[in-house]
Amino acid sequence: MDIILSTLNARYIHASLGLRYLRANLGENRERAQILEFTTKRPAQEIAHEILRHEPSLVGFGVYIWNTDQTLEVVKHLKKARPELLIVAGGPEISFETETQELYHCVDFVFKGESDHSFRDFVRNWRMGILPEKKIISAPLPKIAEIVLPYDEYSDHDLAHRTVYVEASRGCPYKCEYCLSSLDISVRGFPLDPFLTALERLLERGAKQFKFVDRTFNLSPTTSTRILGFFLERMKPGLFLHFEMVPDRLPDELKALIEQFPPGSLQFEIGVQTWSETVAKLVSRRQNYEKVRENFKYLKSRTGVHTHADLIVGLPGETWESFAEGFNQLYALEPDEIQVGVLKRLKGAPIIRHDREY
């Protein structure tokens, strides 16, 4: 195993779905790659030493907003110890405003966007002694039906001790400017039969907690009802499902299934973000607030769903007074949790257009 796929997670309980996609799609080189995950709390020099202990020829890092500084330090230690070591990076944080980042100048190649297949092709060519002429590798979106699903890459230890992340689709139809998903051209769904077969294997291996990372799980009632029906048929004590939901979209066929789940087995992360229609319009967020109220009241009164509602503080045009009013409106609807997140200016997000005025 001379290929290391690595990232620095915020907490140990998180398991990188991206790295598992990369390894699953490496084809004939899959068995030559291993995943090494760390947390951002671990010293950079210690991480570099652990990676070098495996004597890799190629190291790839997944770079996100929460780990970009620490990843840079790890790369510096690796290059100092072994200047000839081939190091590549990918992930959302390095995919945008790439050449302005110090990390770009320290690694050998950067992969932009979904790299399930472009990384596979890179490794094949590298094995033959061929490297790209350009440092930045931008590949077209892979055909979603041709992506090898990554769920067999979760170890038994992962299933017992860590969050299992899954996705039935990629992309988002909404254009909220603070989110990188606003750049997506369309929503692409994985073929459901092989996806559900993969989930069945995870259940058989003992997985009990599934966190869906789809940006809009309830966008397609056909898909979401089939997935909920799949789990409802296999419901057992301890099974817990987390979904990200569009707050103003809850069709009747979805309600009929939700009501059948035991209390606490479903968690909906509901992104309200702002209760100000003026602010929502500024950041291109479409939201029917009357429907939002109706759906929160329905979930509270008719289901056992645990509701986790998100608000963002710091959006363009938001004031202390308007945020407070929005918080009070949401609080009155009695969600189980309210998470207030500070606005993060993600690299590449269209919200940059407001920087000068706000």
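A cavity here is a set of points on a 1 Å grid over the protein atoms alone where a 1.4 Å probe fits but cannot get out, and lining residues have an atom within 4 Å of a point. Two or more lining residues come from each of β12 (266–273) and α11, with α11 giving the most, three residues. Helices (H or I, at least four residues) and strands (E, at least two) are DSSP runs, numbered from the N terminus.

Before you move on, know that this is a predicted model: local features need pLDDT of at least 70, side-chain atom pairs count only at pLDDT 80 or more, and totals for chains, interfaces and linings use all residues. Residues are numbered from 1 along each chain as its sequence is written, and side-chain values use heavy atoms, leaving out hydrogens and water.

How much space lies in the largest cavity? About 60 Å³, where a volume is the space filled by probe spheres set on the points, with grid points joined across faces, edges and corners.

**Stop two: Lys291**

Stay on helix α11 (residues 289–302) and pick Lys291. Setting aside neighbours within four places in sequence, Lys291 is in contact (heavy atoms within 4.5 Å) with Pro247 and Asp248.

**Stop three: the cores**

Now show Tyr151, Phe195, Leu199, Leu202, Phe210, Phe212 and Phe231, which have the most contacts inside the largest nonpolar core, a set of 55 residues. Such a core is made of buried Ala, Val, Leu, Ile, Met, Phe, Trp, Tyr and Cys residues joined through side-chain atoms within 4.5 Å. Helix α7 (residues 192–204) supplies the largest share of this core, seven residues. A second, separate core has 23 residues, among them Phe38, Val74, Ala89 and Ile94.

**Last stop: an open pocket**

Finish with Arg20, Ile35, Glu37, Asp158 and Arg162, which lie nearest the centre of the second largest pocket among its 16 lining residues. A pocket is an open set of points with protein on both sides within 12 Å along at least five of seven lines. About 270 Å³ of space lies in this second largest pocket, and β2 gives the largest share of its lining, four residues.

Terms used. Buried < 20%, exposed > 50% of the residue type's maximum accessible area, 1.4 Å probe, protein only.
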